[in-house]
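Visitor: I'm new to this one. Could you walk me through it, one feature at a time?

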Amino acid sequence: MGDHNQPFLPVSGDPECVPIQGDDVVDDSLHRPQQGSTKSKLLLAVFSGIFVVCLILAGGYDKSGVVKVAQLGGVDELGVGPIEMPAGSTIVRPAVSRGKSAGVSEKANLSPEQLLGGGEVSGDGLTEDFPWNNSMLSWQRTAFHFQPEKNWMNDPNGPLFYKGWYHFFYQYNPNAAVWGDIVWGHAVSRDMIHWLHLPLAMVADQWYDVQGVWTGSATILPDGKVMMLYTGSTNESVQVQNLAYPANHDDPLLLDWVKHPGNPVLVPPPGIHHKDFRDPTTAWKTSEGKWRITIGSKVNKTGIALIYDTDDFINFELKDGFLHGVPGTGMWECVDFYPVAVAGGNGLDTSVNGAGVRHVVKASLDDDRHDYYAIGTYDEEAGKWYPDNPTIDVGIGIRYDYGIFYASKTFFDQSKQRRVLWGWIGEWDSEAADVRKGWASLQGMPRTVVLDTKTGSNLLQWPVVESESLRLRSKEFKNVVAKPGAVVPIKLEAATQLDIVAEFELDKEAVERVAESDEEFKCSSSKGAAHRGALGPFGLLVLSEETLSEQTPVYFYVVKGKNATLRTYFCADQSRSSLANDVNKQIYGSYVPVLTGEKFAVRMLVDHSIIESFAQGGRSVITSRVYPTKAIYGAARLFLFNNGTEAGVTASLKVWQMNSAFIRPFPNL
């Protein structure tokens with residue numbers, strides 16, 4: 001089996017242990033498929049030819065070979081009009097729901113319209129899919145985000161740091177690239193970047209979890225032992241809470257797990273529906289020496305967090321009322337509860353309470369599949385939590401992420417005194433495409449979480465510092481000017497795996513000249529990057545094709561309101577991200593506080609089909625999944641753009657090419 005204490009993975013920052021190294025290495029290999037035999041090249045050429053013919057037949061090319069893009073109001077450089085889609089779609093997929101009938105949130109790759117009963121669905125319940133080829137689908141797999149070797153993955157489960165290893169468990173279907181047959185996958189890492197896959201941690205083999213080993217959380221006791229509480233779906237589809245623990249606490253890999261013989265340790269209490277009782281949290285210590293947990297549920301349409309005390313993780317006492325609840329928010333899944341230091345800085349162990357501490361309550365809303373949080377005060381004696389600002393309470397206020405990010409979970413990393421956030425990043429392509437490529441979903445880059453001491457109402461999320469160990473060559477672009485309506489190429493050797501840090505400044509004199517406005521802007525209901533205002537949008541076009549027939553704008557939009565107050569929005573526009581007709585193309589975003597003296601700032605991690613964008617030091621985050629058909633491999637480009645009408649923008653960028661992470665099976669197991 002080998003020595004589990006030996007580092008089989010490279011340690012972040014070790015230049016001798018990276019897949020690609022040296023300034024003289026051309027990293028096109030990061031962005032193109034491996035070269036195969038002549039036969040493989042011939043097949044690729046044939047497939048490419050077929051694809052081009054389909055485009056031509058669809059009228060998607062003019063005589064010069066450039067994709068036709070509708071023009072709008074003098075901003076044709078941005079290609080803001082509707083894109084004509086290729087014909088030739090022959091694959092069909094059922095517009096079916098997955099997970100809801102079993103008692104969990106929707107797991108199918110359905111558009112919002114289909115979820116509401118609309119959308120492009122034919123009379124027989126089928127929708128047409130884009131004719132993806134293997135080259136396109138292969139490109140979509142990420143290079144430095146965690147995902148299993150194959151099949152379906154969703155919620156992060158029980159993350160912890162134990163005896164030198166970061167452990168990550170996750171909801172996994174070992175049999176297919178769609179949701180179902182859920183068990184716990186397991187992987188370990190020295191740095192949360194390079195991962196080793198281990199055998200399944202827990203499978204559905206008992207009456208109390210035979211229909212699914214669902215989400216759970218880990219608690220490390222003072223003596224170092226690990227207690228894992230998780231939700232099981234019984235043989236009668238009742239959601240119950242179960243206890244598991246390592247068979248051998250001396251094993252740093254925690255390979256074998258024992259399910260408590262007295263499971264389940266908790267069943268739905270009176271008044272709670274048997275399918276509305278799931279996802280226990282990490283436990284925290286009370287002043288009386290008891291352990292306390294919370295579990296998500298609902299009463300009618302009020303989302304709630306039930307609260308239990310225990311001495312031994314076997315016998316539990318339901319406390320009166322609930323930790324917190326918000327009317328109209330529906331079922332609360334994957335509830336999280338943890339302290340943050342008022343002074344910022346390091347993270348805190350889950351049991352920390354008292355002066356200088358605020359508490360975060362987070363819930364994943366079953367109804368809309370978004371993660372909301374709020375900051376407030378925890379009253380231990382009453383077993384209650386109160387939001388600082390009820391107008392931005394859980395489920396009606398601030399989200400962790402305004403893109404695709406759900407079922408998140410934090411843990412306290414005692415080795416580096418930080419709180420780390422994991423989140424499930426689902427797919428927004430077709431289920432048929434997922435089945436063909438053989439995998440679905442990934443995890444976001446782990447993020448540190450601290451209180452934003454400047455606003456007091458926000459958290460700051462930032463990629464763990466270990467992510468910087470993947471940075472290769474960098475290129476700086478200082479004081480690049482983009483006049484109103486301009487698109488400026490950012491010349492890079494490749495644009496598929498990037499770490500981008502950018503700052504933007506609006507021309508101050510132009511801002512002063514702009515008239516005050518009562519515009520009520522909203523990213524999701526605007527025209528995206530085509531929505532022209534006096535002061536925006538401006539930002540970057542990521543994963544763009546040379547002619548801009550495909551592009552994913554990530555940008556700021558500023559409104560000058562009464563008393564010359566500037567209100568800033570941070571958005572991501574997927575509406576032009578792909579020529580494909582069977583992928584989600586929503587426009588995401590929200591208001592983001594930009595304080596006096598701050599520049600407009602963003603950091604972006606681009607990794608094939610995922611873009612994670614962190615605005616204002618992580619005050620607002622948007623995760624996008626995009627599925628371009630042309631802006632892939634060496635054809636991907638990066639542009640600076642300013643589609644505002646009145647003010648010029650000056651931008652400074654530093655862009656790193658990113659290495660690939662080692663993610664592979666643990667050797668000799």
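Visitor: Where is proline 537 found?

Guide: Proline 537 sits in strand E30. Keep in mind that this is a predicted model. The peptide bond leading from glycine 536 into proline 537 is cis, with omega near 10 degrees. Another cis bond joins asparagine 263 and proline 264, and there omega is about 0 degrees. Proline 264 has its place in the loop between strand E10 (257-259) and strand E11 (284-285).

Visitor: Back to E30, then. Which strands form the open sheet, and in what order?

Guide: Read the order from one side to the other: E28-E37-E30-E31-E32-E33, 6 strands with antiparallel pairing. At the edges are strand E28 (486-490) and strand E33 (587-591), each of which pairs on one side only. From one strand to the next, the twist averages 15 degrees.

Visitor: How many bridges join E30 to strand E37?

Guide: There are 5, and E30 and strand E37 (residues 637-642) run antiparallel.

Visitor: Now disulfides. How many does a search of the whole structure find?

Guide: To read one, look for two cysteine sulfur atoms within 2.5 Å of each other. The search of the whole structure turns up 1 disulfide. Cysteine 523 and cysteine 571 are the partners, with an S to S distance of 2.1 Å. The link connects distant parts of the chain, 48 residues apart: cysteine 523 is in the loop between helix H5 (508-513) and strand E30 (535-544), while cysteine 571 is in strand E32 (residues 566-573). About the S-S bond the angle is -60 degrees, and the link is left-handed.

Visitor: Is cysteine 523 buried or exposed, and why?

Guide: The idea is to compare its relative accessible area with a cut-off: buried means under 20%. Cysteine 523 has 2% relative accessibility, so it counts as buried. Cysteine 571 is buried too, because its relative accessibility is 0%.

Visitor: What about rings? How many aromatic pairs does the structure hold?

Guide: It holds 37 aromatic pairs. In one of them, phenylalanine 168 and tyrosine 170 are stacked, 5.9 Å centre to centre with 20 degrees between the planes. Phenylalanine 168 and tyrosine 170 are both buried. Ring pairs also link Phe146, Phe168, Tyr170, Tyr172, Trp195 and Trp422 into a cluster.

Visitor: Why is the pair of phenylalanine 556 and phenylalanine 570 tilted?

Guide: Check the angle between the planes: under 30 degrees counts as stacked, over 60 as edge-to-face, and the rest as tilted. Here the planes are at 40 degrees, with the ring centres 5.2 Å apart, so the pair is tilted. Phenylalanine 556 is in strand E31 (residues 552-560) and phenylalanine 570 in strand E32, 14 residues apart. Both are buried.

Visitor: Which ring does the charged end of arginine 190 sit over?

Guide: That would be the ring of tryptophan 165, with the charged end 3.7 Å from the ring centre. Likewise, arginine 567 lies over the face of tyrosine 591, at 3.8 Å from the ring centre.

Note on methods: Residues are numbered from 1 along each chain as its sequence is written. This is a predicted model: local features need pLDDT of at least 70, side-chain atom pairs count only at pLDDT 80 or more; totals for chains, interfaces and linings use all residues. Side-chain values use heavy atoms; hydrogens and water are left out. Helices (H or I, at least four residues) and strands (E, at least two) are DSSP runs, numbered from the N terminus. Buried means under 20% relative accessible area, exposed over 50%, partly exposed in between (1.4 Å probe, protein chains only). Two strands pair if DSSP finds at least two bridges between them. Axes are lines fitted to C-alpha atoms, for helices over the stretch in contact, and angles run from 0 to 180 degrees between N-to-C directions. Rings of Phe, Tyr and Trp (its six-membered ring) pair if their centres lie within 6.5 Å; planes under 30 degrees apart count as stacked, over 60 as edge-to-face and the rest as tilted. A charge sits over a ring if NZ of Lys or CZ of Arg is within 6 Å of the ring centre and within 35 degrees of the ring normal.
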